[in-house]
Amino acid sequence: MRELNETLTEAVLDPILARDPAGPRITYYDDATGARIELSALTLANWAAKTANMIRDEFGLSSGARVAVLLPAHWQTAAVLLGCWWAGVEVVLHADPDAELALVTADRIDEAEGIAEVAALSLDPMGMPVRDLPIGVTDYATSVRVHGDQFRPHGIGCALDGTSVSAVLDEARKSAARQGFTAEDRVLSTTSWDTPAELIDGFVAVLAAGASLVQVTNLDPAALDHRIATERVTAQRR
């Protein structure tokens, strides 16, 4: 397998940015709260760049560092993952004691004990900070917004749990083909991103195909048909 000279974020986002930067790329629903957030590829790239700059400039991490991402399937998680990969760091989806940074929800801070740096996300739709954080824990929402929305990568490490960028991208493209995703699809998904396989199938494969994602948390079954119609869904993962 030929190794790439670009990050995973560049590999999946650059073709979309060239073709359709303003169209909806991730539409996120939480049916328990009624929240709906929609991001274009350009907005998603800006969030990812801010995250990558934060990882490099604020936490001092370089390519090859390991970052524990303990977050649910969410639009902010998408920005975090793409930011990590743009910065050339390796994502692990568990509390790895060898990780140099953990990005977590407030209720999972204790899982990151022993990791040198911890940043907590509120996942609030209005970008509100996490309240009453322990000393030494960074608030992601407060910190990330001061960083630049352009990023120049300085190296490439493994992408996901010891797997190279090329291997993750290859698996994502195979997954997209297996699931029948194309660049014209709007994919509705209710699945988690808790394991590398789930993350590749439910997120990376969608971007690798050039498709857009409608990610739903706490799905209300009574709203499903309406959601499919209004969001012009053409494929589903449930």
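**Close-up views of the predicted model**

View 1. Helix α3 (residues 75-86) lies across β3 (66-70), β4, β5 and β6, and runs at about 170° to β3; here helices (H or I, at least four residues) and strands (E, at least two) are DSSP runs, numbered from the N terminus, contact means heavy atoms within 4.5 Å, and axes are lines fitted to C-alpha atoms, for helices over the stretch in contact, with angles running from 0 to 180 degrees between N-to-C directions. This is a predicted model, in which local features need pLDDT of at least 70 and side-chain atom pairs count only at pLDDT 80 or more, whereas totals for chains, interfaces and linings use all residues. Residues are numbered from 1 along each chain as its sequence is written, and side-chain values use heavy atoms, with hydrogens and water left out.

**View 2. The open sheet of β4, β3, β5, β6 and β7 is built with parallel pairing.** Its five strands follow the order β4-β3-β5-β6-β7, two strands being counted as paired if DSSP finds at least two bridges between them. Because β4 (90-92) and β7 (137-139) stand at the edges, each with a single partner strand, one side of each is left without a neighbour in the sheet. From one strand to the next, the twist averages 25°. Within this sheet, strand β5 (residues 101-105) and strand β6 (residues 117-121) pair in the parallel sense over five bridges, and L103 stands opposite A119 in β6.

**View 3. Helices α1 and α3 pack against each other.** Two packed helices are described by the angle between their axes and the distance between the axes. Helix α1 (residues 8-19) meets α3 at an angle of about 120°, and their axes are 7 Å apart. This makes α1 oblique to α3 (under 35 degrees counts as roughly parallel, over 145 as roughly antiparallel, 65 to 115 as roughly perpendicular and the rest as oblique). On the α1 side the contact involves L8, T9, E10, V12 and L13, which meet L82, W85 and W86 in α3. By class, six nonpolar, one polar and one charged residues make up the contact of α1 with α3 (Ala, Val, Leu, Ile, Met, Phe, Trp, Tyr, Cys and Pro count as nonpolar, Asp, Glu, Lys and Arg as charged, and the others, Gly among them, as polar).

View 4. Contributing to the contact are V168, L169, E171, A172, R173, S175, A176, R178 and Q179 of α5, together with I200, D201, V204, A205 and A208 of α6. By class, the contact of α5 with α6 has eight nonpolar, two polar and four charged residues.

**View 5. The open sheet of β2, β1, β9, β8 and β10 has mixed pairing.** Five strands take part, in the order β2-β1-β9-β8-β10, and the edge strands β2 (35-40) and β10 (235-237) each pair on one side only. The twist averages 15° from one strand to the next. Strand β1 (residues 24-30) and β2 run antiparallel and are joined by six bridges, with A35 of β2 as the bridge partner of D30. Their hairpin has four residues between the strands, and G34 takes a positive phi near 85° there. Helix α2 lies across β1 and β2, running at about 90° to β2.

**View 6. Q215 is found in strand β9 (residues 212-217).** At 2% relative accessibility, Q215 counts as buried. Its side chain reaches the backbone oxygen of S189 at 3.5 Å. Not counting residues up to four places away in sequence, Q215 touches T27, Y28, Y29, A73, S189, T190, T191 and W193.

**View 7. G60 is found in the loop between α2 (41-58) and β3.** G60 is exposed, with a relative accessible area of 56%. G60 and E100 are 40 residues apart in sequence, and their C-alpha atoms are 9.7 Å apart in space.

Conventions: Buried means under 20% relative accessible area, exposed over 50%, partly exposed in between (1.4 Å probe, protein chains only). A polar contact is a pair of N or O atoms within 3.5 Å; within protein, one must be able to donate a hydrogen and the other to accept it, and residues adjacent in sequence count only if both atoms are side-chain atoms.
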